[in-house]
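Good morning, everyone, and thank you for making the time.

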Amino acid sequence: MELLGNWQRSCYCGDPRPAQVGQELIVMGWVHARRDHGGVTFIDLRDRTGIVQIVFNPQINEPAHTAAKDIRMEYVLAVRGTLMNRSAETINPNFPTGAVELQVSELRILNPSRTVPFPIDTETTPTENARLRYRYLDLRRPQMYANLLLRHRLAKNVRDYLDGEGFLEVETPFLTRSTPEGARDYLVPSRVNPGSFYALPQSPQLFKQLLMVGGFDKYFQIVRCFRDEDLRADRQPEFTQIDIEMSFIQPEHIFRLSEGMMTNVCRELKGMDIPVPFPRMSYTEAMLRYGNDKPDIRFGLELRELTMLFRETQIKVFTDVVAKGGIIRGLIVSNCTFSRKEIDDLNPLAQGFGAKGLAWIRITNEGWQSPLAKFVSEEKKAEIAAALGLKEGDLLLMVADQEKVVCDVLSRLRLYLGDKLGIIPKDEFRFLWVTDFPLVEYDDEAKRYVAMHHPFTSPTEEDIALLDTAPGKVHARAYDLVLNGLELGGGSIRNHRLDVQQKVFACLGIGEAEAQEKFGFLMEALSFGAPPHGGIAFGVDRLAMLLAGAESLREVIAFPKTAKAVCLMTQAPSPVDPKQLRELSVKVDL
RNA sequence: GGGGUCGUAGUUCAGUUGGUUAGAACGCCGGCCUGUCACGCCGGAGGUCGCGAGUUCGAGUCUCGUCGGCCCCGCCA
């Protein structure tokens, strides 16, 4: 092992080109591969920019050639040498540096490496377990570097864009207070105030509103948020948002700004030109056509309303459901080539999605093929076929149940079928605004209305009166941005008037005393001339994931957590020293 | 909290109906090799089959439990 001494790197491994031939260079990096021919030894030296071949030739430098015998995979080297052209037949077209090589005159082995637990290449993908345990090695893989580079450029692009639009990035506290509603909070005990706890923010929601009251007019922040809920491929306990808030605006301003930001990102990072404005769809329409408030509009296969058509048949499972206030909806798969088994297999799938069963009708050249065919008159069949435009080869899949169940099952079945049929164009980016959400929805478990977005969302001006009489019918000035079936972000116009905010609290069953205790600071602020304001927040991790074409957030997060919210590298979370607990006046009760 | 799936050499994986000494590739160690770039050739080491019970004459293989990774449901204003 040698010291670095006063050596200074003259270029990255990916840099050398024929133009620099003849120059003396110092390059540093990791041993990616080693080819020892006894006489001459080749080493591929790698850094984040690429790979350069360095050559140890005993005729050029005997000591360096001898020393190179000890070099192993992932050793860290510094080499000084002369850049040479390769002879025509030894040029490697697979690397940008493949026309040249560095003839080593001096080698310094800066650090050895134990045998690595998995190879640093693109061919083999190690198990997730190994990757997360040795994340620093996983990060050496070019794909991980590419993903995090993309993420960096995303953040930089967004910052530059918002700066250009007159936004200020302002930091807000991580140690804040726990609020009711929403996700479970991560709590931090206060040593100085025994028995009291901070909460890590689920989002900087209230702070950004208070910045508007503070007159900042246009705020943004690329900020970490924390939610103590179970994980998914697209959900980590800590995640990053592009958080935005503006004063004296309409939803249109948010749409225009967001569209500018997203198209900018897509153009700069992916070379894609996304047309603006993005299409918009009301929540009601989205539920009707897709059964879902975040529809993937890259493909059709929309839901069909069937209640009226089938209510007068002799199909008992249908008529019973309709009698109980349920509905019937379905999907039509055109030119369906499913085997009988494939169709039968959809039934347990639909049941897994929450359906009691899945009815089906296949249109063949001999008429209806279906377990239900005998319950429908020929006349009715013709009426149904005409109404739905059914033709030979079509498969009609139907679910009858309460509306919520029908929507849920069919929306998931739609995604399953879209994937199975291969009709989802993978390389398309289809943005969609979903608007006109209900302000609240009834929670059967809690037996009260809960905020659909959050408790600070403004009702539409014409619906304010309904807050007292029919809360379920009140529309919110809220909007979500959906990309390829993934909720990328959401926002709303907020309540800037104290009386409206108090009405909303009351509607949510938050009493005056509780509102005062939990949100007193907000209500106080609203009483001091709060401007009309609103904003939006986008998931950076999800956006980066889609831009990177990755299947999991972990691919675009340097140090992510497992499905059990554990960091396999640091072994966090961990028990702590009893002394620490005593200082915090915290007792663990398992 | 629930369901599914995976766990075999350092790594990626194979392992038949439960049957002799658990294999391959890459990596690792030793040797040879002056134009390779997935270098090649010769030789070698390396296994608590995640862990614990059970069934069996016999378990990597079957059963139960448990731990861990992944996916999903619930949950995620």
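With which residue does Glu 238 form a salt bridge? Before I answer, please keep in mind that what you see is a predicted model. The partner of Glu 238 is Lys 561, and the closest N and O atoms of this pair are 3.0 Å apart. The two residues link distant parts of the chain, since Glu 238 sits in strand S10 (residues 238–247), while Lys 561 lies in the loop between helix H16 (540–548) and helix H17 (578–583), 323 residues apart. Glu 238 has a relative accessible area of 25% and is therefore partly exposed, whereas Lys 561, with a relative accessible area of 18%, is buried, because buried means under 20%.

Glu 428 forms a salt bridge with Arg 430, where the closest N and O atoms are 3.6 Å apart; here Glu 428 counts as partly exposed at 32% relative accessibility, and Arg 430 is partly exposed with a relative accessible area of 34%.

Salt bridges can also join into a network, and one such network links Arg 131, Arg 135, Asp 138, Arg 141 and Glu 555. For the structure as a whole, the count is 47 salt bridges.

Conventions: Residues numbered from 1 in each chain as written. Chains lettered and ligands numbered in written order. Predicted model: local features only at pLDDT ≥ 70, side-chain atom pairs only at ≥ 80, totals over all residues. Heavy atoms only, no water. Salt bridge = Lys/Arg side-chain N within 4 Å of Asp/Glu carboxyl O. Helix = DSSP H or I, 4+ residues; strand = E, 2+ residues; numbered from the N terminus. Buried < 20%, exposed > 50% of the residue type's maximum accessible area, 1.4 Å probe, protein only.
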